[in-house]
Amino acid sequence: MGKIPVINFSLFTDIDVRNRQTVVKQIYQACHEIGFMYLQNHGISLDLIKQVFSKSKAFFNLPLEIKQQLAWSNEFSNQGYVGIEREKLDANKPGDLKEAFNVGRKDAATRGRDDAENFFVSCLSSPAKDSCILAFYQACTELTHRILQAFALALQLPEDFFITRHTEQNHTLRLLHYPPVQQLPQPGQVRAGEHSDYGSITLLFQDEIGGLEIQTTAGQWIAAPAIPDTVIVNTGDLMQRWTNHVFCSTKHRVIIPSDERVKQSRYSVAFFCHPNDDTEIACLESCQKEHTPIYPPILAGEYLLSRLRATY
């Protein structure tokens with residue numbers, strides 16, 4: 001399959017069972033054949049998405065010394081500012097030409113904070129303290145729950161199978177900025193190196209500048225441009241392990257444009273959905289019909305830490 005499907009997700013909540021089943025089949029096919037899909041009518045306010053992009057641009061426009069005060073410090077919290085070239089998604093290539101800001105609950109939750117707003121990094125200039133960002137984090141969490149329901153039904157599991165394993169909200173909301181390329185990149189350097197995502201599923205909201213490419217099962221790279229009023233959804237490594245490659249975790253990258261867009265900033269927002277740390281990721285019985293388990297069981301938290309250590 002060489003094309004990313006577009007799915008009307010509103011039909012998943014339709015009272016007509018046949019429409020619901022159609023969406024489940026479409027999602028199964030997309031996850032099985034290419035690992036990426038566009039969802040229309042996903043339920044997140046377009047106005048809220050615009051506000052998040054505006055907040056993101058405002059943050060990345062701050063002086064570097066202010067952003068560095070919020071610097072990413074370790075893989076256990078996985079929160080804060082990541083400077084240009086600090087992250088290397090493709091270990092065999094130079095650092096990525098992007099900067100990012102990660103928002104998550106995990107680090108604060110382990111310190112026993114009860115106030116929901118204080119689960120996030122508490123810095124005056126931090127996007128993680130902004131009510132708009134908090135509302136968006138919650139909206140993304142709710143959308144991933146609905147998608148996980150569809151996944152469960154597609155795999156002939158109880159509808160709440162995945163949701164009950166994502167209750168701790170170990171998710172990461174990531175604001176991303178790819179600045180204009182002012183000088184000749186190093187050999188092999190791109191805006192985001194070839195990689196697969198680490199968790200269960202990812203939501204991606206992107207602007208019109210483009211550059212995202214995904215690798216098909218045939219090894220070809222195809223563009224995944226922005227389609228208005230949609231969100232890109234892709235499956236990650238843990239979902240691939242869970243499903244014994246029934247659902248695939250697809251390699252993707254962000255290339256440097258070869259036209260005038262190279263002089264423009266690119267912005268995107270990713271929401272990485274991760275299971276609870278103590279969830280054992282073992283091959284599902286329904287995914288062992290044709291093949292024996294490919295991977296040994298692993299705890300979700302251990303896998304995430306191992307991938308983050310390799311990336312920074």
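Colleague: Which element gives the most to the lining of the largest pocket?

Modeller: That is α2, with five residues. Helices (H or I, at least four residues) and strands (E, at least two) are DSSP runs numbered from the N terminus. This is a predicted model, where local features need pLDDT of at least 70 and side-chain atom pairs pLDDT 80 or more, while totals for chains, interfaces and linings use all residues. Residues are numbered from 1 along each chain as its sequence is written, and side-chain values use heavy atoms, without hydrogens and water.

Colleague: How should I read a pocket, and what volume does the largest one have?

Modeller: Rolling a probe the size of a water molecule over the atoms shows where empty space is left. On a 1 Å grid over the protein atoms alone, with a 1.4 Å probe, a pocket is an open set of points with protein on both sides within 12 Å along at least five of seven lines; lining residues have an atom within 4 Å of a point. Volume is the space filled by probe spheres on the points, which are joined across faces, edges and corners. Here the largest pocket has about 490 Å³. It is lined by 20 residues, and Ile 49, Phe 53, Gln 206, Asp 207 and Asp 229 are the closest to its centre. Two or more lining residues come from each of α2 (46-60), β7 (201-206) and β10 (230-235).

Colleague: How do the classes divide in the linings of the largest pocket and the second largest pocket?

Modeller: Asp, Glu, Lys and Arg count as charged; Ala, Val, Leu, Ile, Met, Phe, Trp, Tyr, Cys and Pro as nonpolar; the others, Gly among them, as polar. The largest pocket has twelve nonpolar, three polar and five charged lining residues. The second largest pocket, of about 310 Å³, has five nonpolar, seven polar and two charged. Tyr 28, Val 246, Ser 286, Cys 287 and Glu 290 lie nearest its centre.

Colleague: How many salt bridges are there?

Modeller: Eleven, each a side-chain nitrogen of Lys or Arg within 4 Å of a carboxyl oxygen of Asp or Glu. Glu 159 and Arg 20 meet at 2.8 Å, N to O. Glu 159 is in the loop between α5 (131-154) and β5 (172-178) and Arg 20 in helix α1 (residues 17-33), so the pair ties together parts 139 residues apart in sequence.

Colleague: Are Glu 87 and Lys 98 buried or exposed?

Modeller: Both are buried, where buried means under 20% relative accessible area, exposed over 50%, and partly exposed in between (1.4 Å probe, protein chains only). A salt bridge joins their side chains at 2.9 Å, N to O. Glu 87 and Lys 98 also belong to a salt-bridge network with Asp 96 and Arg 174.
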